[in-house]
Protein chains: 2
Amino acid sequence: MNVEIIAVGSELLLGQIANTNAKYISSQLSELGINVYYHTVVGDNSARLVEAIQIAEQRADLIIFSGGLGPTKDDLTKETIAKHLNRELVMDDMALQAIEQFFNKQNRVMTDNNRKQALVLEGSDVLTNHHGMAPGMLLKEGKQLYMLLPGPPKELEPMFQFEAKPKLAALLHDGGVITSHVLRFYGIGEAELEVRIQHILDVQTNPTVAPLASDGEVTLRITAKADNEQQAYVLIEDKKREILDIVGDYHYGDNDDSLASKLVEMLFENKLTIAAAESLTAGLFQSELAEISGVSSVLVGGVVTYSEQAKTMQLGISAQLINRYSVVSSECASEMALKVREKFGTDIGVGLTGVAGPGSHYDQPAGTVWIGLAIGNNPPVTHRLQLSGARNTNRLRAVKFTCSYLMRELAKLGYKK
Amino acid sequence: MNVEIIAVGSELLLGQIANTNAKYISSQLSELGINVYYHTVVGDNSARLVEAIQIAEQRADLIIFSGGLGPTKDDLTKETIAKHLNRELVMDDMALQAIEQFFNKQNRVMTDNNRKQALVLEGSDVLTNHHGMAPGMLLKEGKQLYMLLPGPPKELEPMFQFEAKPKLAALLHDGGVITSHVLRFYGIGEAELEVRIQHILDVQTNPTVAPLASDGEVTLRITAKADNEQQAYVLIEDKKREILDIVGDYHYGDNDDSLASKLVEMLFENKLTIAAAESLTAGLFQSELAEISGVSSVLVGGVVTYSEQAKTMQLGISAQLINRYSVVSSECASEMALKVREKFGTDIGVGLTGVAGPGSHYDQPAGTVWIGLAIGNNPPVTHRLQLSGARNTNRLRAVKFTCSYLMRELAKLGYKK
């Protein structure tokens, strides 16, 4: 089976958004061992969409459409396909009910054009939308398969994964698979990582190894082709071991892990509670931890001490200390960590202070960050970061570094990884 | 002139990266008033690339290729085009010199495959690569234009902007411009907004008006074609006024504005200080405000009271109140707002409590959020939200709603917008 993905939406052709749906669907299909030969993007224009469909029918067994299923007039994907295939659009009662419930729940009145979202192509297999209103569809016309998915990634991704992917897996007969595994690294640059594993990158065939850098992290994607999952797993494990023998020190997690999720796992494992006092990050560290479900057993809370006055009044950091060392100092970060730990009665206290930018502040250049950690009754430790990004990149990188730094310090003290 | 963008690279079809080059080029072209009708992605496969070129020649005046100009064997874009157009590849001395210099500078020995990067299509206009090795090309065959650009965004973007764009502008004779303006709405669904301005959407030609929904907001992009910027501005202003006469109540900002940035502007304008007590959002509200540079003059700080104990110990919310009403209640949100305002000595106190999900908690379904606002000495007000998204969508939407809610309540009390 080979696939073409057609994304429908003028916003893509105007350059307002990137076609991340094609990326997502492609990566999911590659896990199933299904080849994608083309991506096409076409605007909200029925005539041009029909032309794109006719071309795709010549070169793909399955055409996957994303977008154009919404309530508005420029949403015309299913109407165009209905006309092209000479099929009726029929009301799907389940979908209509879901839409009505959606409006009731939000205490909003359903306008009539929303009913249009519950129309599906006659004879199609309806894919339920658990995160929005427009249902998806899978239909067969002769040997040709068509799949229609909604445009918003928050709707498309779960629908593809839980509704569409199992149906496609069932349709496949050859059973070949492509499996990917992502290794995540922190604390090493992309160029240096590449140099260190150059000999592996140079001879790669199966599995392939692809480096990618983003937001201060580097990932290596190992992709193996094999007859079955088991064989692919063995290929990936061998390559993984070979890579980690060289750069394992910087490896912190795999696939969907994040530095924050690994930190929370380590806190769970060691039953350690945490509180944070944040200045430049203003709550971002705590908010990143709170992305992980169940975090309430370890995250007690903390304070945002954005102003100098909040640092003295809320945390009880002495004016003398601030006058002597300034708020952007090792001493202040250390004191913030100690005080917040004491105040919230937790095992760990974290202090974050610095200059996010764009301007310099307290005689310190933008990007200067001090992180303090108070772990149990151990003497607090601090670390200075000098970042060079824009304001919000610096804030995010300070949070990532803090997660990594705390994990490292916990490991040093003998806590389980 | 109309354009098709063909991105060449198997990594795109495997879903390893998104086609951000097409997004970038499209947004640049729309500024020049050039229409993009299709994006195509094809793998590192000469036969399929030729087919894609033949299709594009039928429907585009200019075909822009990205990727496949590098030194390795799977880089085959210019070789394929050379064969397709029956043109020779010739060594470009300037490009070769630049590549040699690049290696000298890095103290690395130039391997022979790197010479291949200096080969260009005979008769083409060479586009210098200031950020990498492979030069770009612009060439004409009869009436058909072809442009070849390197794949890495760090090379492609400056090459397009400084080398290609001026050449394209010169090729265009009409000198027209396309200018876009984005109106941002909150508190109204996409479908309802569209119903209310249906008569405008129905007759749109120039300017065009395109609705887009994302993350609980709706935007309308007004795009005008005109002979010059001044005329485009007038067209957009007229259309903007026409739209805001109908749905102006929901309009909160334009272009790059966010709800948080508008709230911070309003706090600046009225010299109001703010503190927040956050439970389910765990610092996200404060962190979103802190994205805006200069916020320290209004954001004093706040507390994250993730655990129940933190709510009583850190904010002094009485155990009786929590026992009687639970932490997910109007009473608790109101008390959090009052207490944090008092504690931090600010003009405004914000309290956020609720159930982020995925599970229900305190007998409340996931997505239940209570927001409390204490403004000056006015009696506190609260609002209940019932969200239906995933955990982190709910947390973000609660923050957005809080920004909008606070702006509305401030306006009611007579503060300047």
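**View 1. The interface of chain B and chain A in the predicted model**. Between them, chain B and chain A bury about 6,100 Å² in this predicted model, and 54% of that area lies on carbon and sulfur atoms. The contact involves 71 residues of chain B and 74 residues of chain A. Across this interface there are 31 residue pairs in polar contact, counting pairs in which both residues are at pLDDT 80 or more, and the side of chain B that touches chain A is made up of 29 nonpolar, 28 polar and 14 charged residues.

**View 2. The salt bridge between A:K73 and B:D202**. The rule finds 1 salt bridge across the interface of chain B and chain A. In the salt bridge that A:K73 forms with B:D202, the closest N and O atoms are 3.3 Å apart.

**View 3. The surroundings of A:N113**. This residue, A:N113, belongs to the loop of chain A that runs between α5 (93-105) and β5 (119-121), and A:N113 counts as buried because its relative accessible area is 15%, which falls under the 20% cut-off. The side chains of A:N113 and A:T111 are joined by a polar contact of 2.7 Å, while the side chain of A:N113 also reaches the backbone oxygen of B:A191, at 3.4 Å. When neighbours within four places in sequence are left aside, A:N113 is in contact with A:P71, B:A191 and B:V195.

**View 4. Pairing of strand β14 of chain A with strand β14 of chain B**. The two strands, each made up of residues 299-305 in its chain, pair in the antiparallel sense over 5 bridges. Within this pairing, A:G301 has B:T305 in β14(B) as its bridge partner.

Terms used
Residues numbered from 1 in each chain as written. Chains lettered and ligands numbered in written order. Predicted model: local features only at pLDDT ≥ 70, side-chain atom pairs only at ≥ 80, totals over all residues. Heavy atoms only, no water. Helix = DSSP H or I, 4+ residues; strand = E, 2+ residues; numbered from the N terminus. Buried < 20%, exposed > 50% of the residue type's maximum accessible area, 1.4 Å probe, protein only. Polar contact = N/O pair within 3.5 Å; in protein donor to acceptor, adjacent residues only side chain to side chain. Contact = heavy atoms within 4.5 Å. Buried area = accessible area lost by both parts, 1.4 Å probe. Salt bridge = Lys/Arg side-chain N within 4 Å of Asp/Glu carboxyl O. Nonpolar A, V, L, I, M, F, W, Y, C, P; charged D, E, K, R; others polar. Pairing = 2+ DSSP bridges.
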